[in-house]
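My entries follow in the order in which I made them.

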Amino acid sequence: MRKRDVEILAPAGSFECLKAAVCAGADAVYAGGSRFGARAYADNFQEKELLDALDYVHLHGRKMYLTVNTLVKESELESFREFLMPYYRQGLDGVIVQDLGAGSLIREEFPGLELHASTQMTITGVEGATFLEQQGYVRVVPARELSLREIRDIKTQTGLEVECFVHGALCYCYSGQCLLSSMIGGRSGNRGQCAQPCRLPYRAGAGQPEDLMSLKDLCTIDMLPELLEAGIDSFKIEGRMKKPEYVWQTVEIYRRYSSLYLEGGVCQVTEEDRESLYGAYQRRGYTEGYYRQHNGKQMISLKRPPEIREEGAGSLPELKKQEKINGKFIFSPEKPATLILERGKVRISCEGPVPEPAKKQPLDAARIETQMRKTGGSEFQMDQMEVLTEGELFLPMQALNELRRNGLERLKEEILRDYRRSLPQSAGNPAPFPVQTGKWEQTAEREGEDTVRPLLAAAVESAGQFRTACACPDVSRIYVDSLLAAEPEMRKLWKDRDPNREYFLAMPYIFREEIKKTFEKSCAGILDAFDGVLIRNLESLEWLRNQGYTKPILGDYNLYVWNHKSRKLLKEAGLWTVTAPAELNQRELARLGIRGQAITVYGYQPVMVTANCIRKTAKGCCKKTGYSWIQDRYRKKFAVKNCCEYCYNIIYNSAPLFLADLAEQVKELSPGEIRMNFSQEQPREMEAVLRSCRDAFLRGKAVKTPGTEFTRGHFKRGVK
């Protein structure tokens, strides 16, 4: 048995929830402020309330982590810095971050503030965690899809603390990789505004509508010994939009059983406690998540329940938490009455009036002690109280009460003094962030040009698409999907490749340990045959660096670059260039500056990457990579690619992005690469897109929009 403690980390969507967490035994809470948190529709805290909440948890010896786990736009960097300042000064313990640029800003300007990597960063392995450790992060919240073995590897092979979810709602998509709500409704999960379209019914093929993507809630109370033995440092309970009763119930039970196991190696959950836990919030049933399995139909709640029940309502105890203190009262002639209070190593001394000789009723020790113990609704409770009196003396009760109040307030101030910070010199009068030109050149030839002439690139996923792209002489770069690159047919086509064209290998969307082994077996031997690689995750970047890879490494759209600080960090880490974010509009891209970088102008946008498999849930595992479709309640069809070699799904938007007729607006951004992403298109469809993009971007011709449904993505609308 591991001889150590574990942090119970509780959600605090309101002050009442925060108090419930502390009173139930939470070691730390995580909360959101008025901005930059991934639960925009929770109550959240305004500044004054959050500052008071920080003092509350610190007075009780607990910690608070602030969720700033959304992507931060270039225009928001200054306000992001200003937003954090008061909480940093008050003593905030840590921040939970998704945006690499935001993390870089915090590391540079707020020394001593712990950086925690949000699960929105999609960290799925040791390599990604190691990269973040090098950037100053002290804790990682890995993807919820990881197994216990993968989590244990991160813990043992890095110096990071590991925080894992143990209870609450689960996302169907790898967190941070979901654009479904954003693309179909404009509410971005990367901005804390997810509309949860995964909870709606979908039809797989000719089947009946079912909630194919609605996962049951996580409950690991029976797995605590295994989770503790895996080395997890913090047990995280989901639920910043839930009620105080839920917070109290879940925290109390997880704290109690974790302590039982750590103290005596026993963790036998009673049926009564299990039912209490289930009853605190009942939506779609419970699952133990991914810790023991990669996916499974039994994790899905296919049928919508008649109602969501929060049975814990009415069971909340009195939320009063007082810390024990010791006191000494000294009462002697011609000297001020003195109250000394101690809590731990903190000691204060407070003086009151000089007592008068008693004329009738002197104050005896018992009466003084009774008065000093009346701590009322304060954060303190008198444990030991020593009263030293000399002679028959008197003070009015009002004076005693005032001395007690002043003493308690002084003790509170002294305890909190250790948490306060001064702003670093640079943060006191910071320089404004420069307006970005976005000049990140791909080649020396383009460096001095006022207008970048973009190259035309095509990303392909089938041998037929590869042939079609090769047949178009205007395509200067072809991205070959790693699954396609490993096919025998592709190896034959590879022999006839054009030496005057660039060929890049597009690496997997997710790069977990088993995927890495598959990739190494099938593609590592041909890696050097490509001119460079396109990566989609930090694990791939760190793996390539460990391999000593020296050819160009390009970042895809899902290595999010929403501000110049994240772009700078990734460039310094070895990326030649990145792909423009899919959720920023034209004006925001111009402010960010994408000169010399890639922009996607055509393609079915991946809106989900999932460990669970639609085909396996609906029909059973076919063990063969291919496409299927799901249909929503508006009869829109979404293609689903089950990548069986990597055991993940890619769900694509129902309509393709098309920007060729807006070529002049795109070219104003001076991108270095115009990219077309092909997935399920047949050669004739692909040829039409190639012609349109060639004419629009290389020949300056006006082109028509497609005759079928298409989308502008966020090029015009963006996200809030």
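**Hairpins**

I started at the hairpin of strand 12 and strand 13, which has six residues between the strands; there Glu 334 takes a positive phi near 60 degrees. The model is predicted: local features need pLDDT of at least 70, side-chain atom pairs count only at pLDDT 80 or more, and totals for chains, interfaces and linings use all residues. Residues are numbered from 1 along each chain as its sequence is written, and side-chain values use heavy atoms, with hydrogens and water left out.

I took helices (H or I, at least four residues) and strands (E, at least two) as DSSP runs numbered from the N terminus. Two strands pair if DSSP finds at least two bridges between them.

Strand 12 (residues 323-331) pairs with strand 13 in the antiparallel sense over five bridges. I found Gly 327 opposite Leu 341 of strand 13. Strand 13 (residues 338-343) has five of its six residues buried (under 20% relative accessible area; exposed is over 50%, partly exposed in between, with a 1.4 Å probe and protein chains only).

I then followed strand 13 to strand 14 (residues 346-351): they run antiparallel and six bridges join them. Glu 342 has Arg 347 in strand 14 as its bridge partner. Their hairpin has two residues between the strands, and Gly 344 takes a positive phi near 60 degrees there.

**Helix 2**

Just after helix 2, I noted a positive phi of about 70 degrees at Gly 61.

**Rings**

I counted 20 aromatic pairs (rings of Phe, Tyr and Trp, its six-membered ring, with centres within 6.5 Å; planes under 30 degrees apart count as stacked, over 60 as edge-to-face and the rest as tilted). Phe 466 and Tyr 503 form a tilted pair, 6.1 Å centre to centre with 45 degrees between the planes. Phe 466 lies in helix 14 (residues 463-470) and Tyr 503 in strand 20 (residues 502-506), 37 residues apart. Phe 466 is buried at 2% relative accessibility, and Tyr 503 is buried at 1%. Phe 466, Trp 494, Tyr 503 and Phe 530 form one aromatic cluster.

Last, I looked up Arg 536, which lies over the face of Tyr 509 at 4.0 Å from the ring centre.

Key: Lys NZ or Arg CZ within 6 Å of the ring centre and 35° of its normal.
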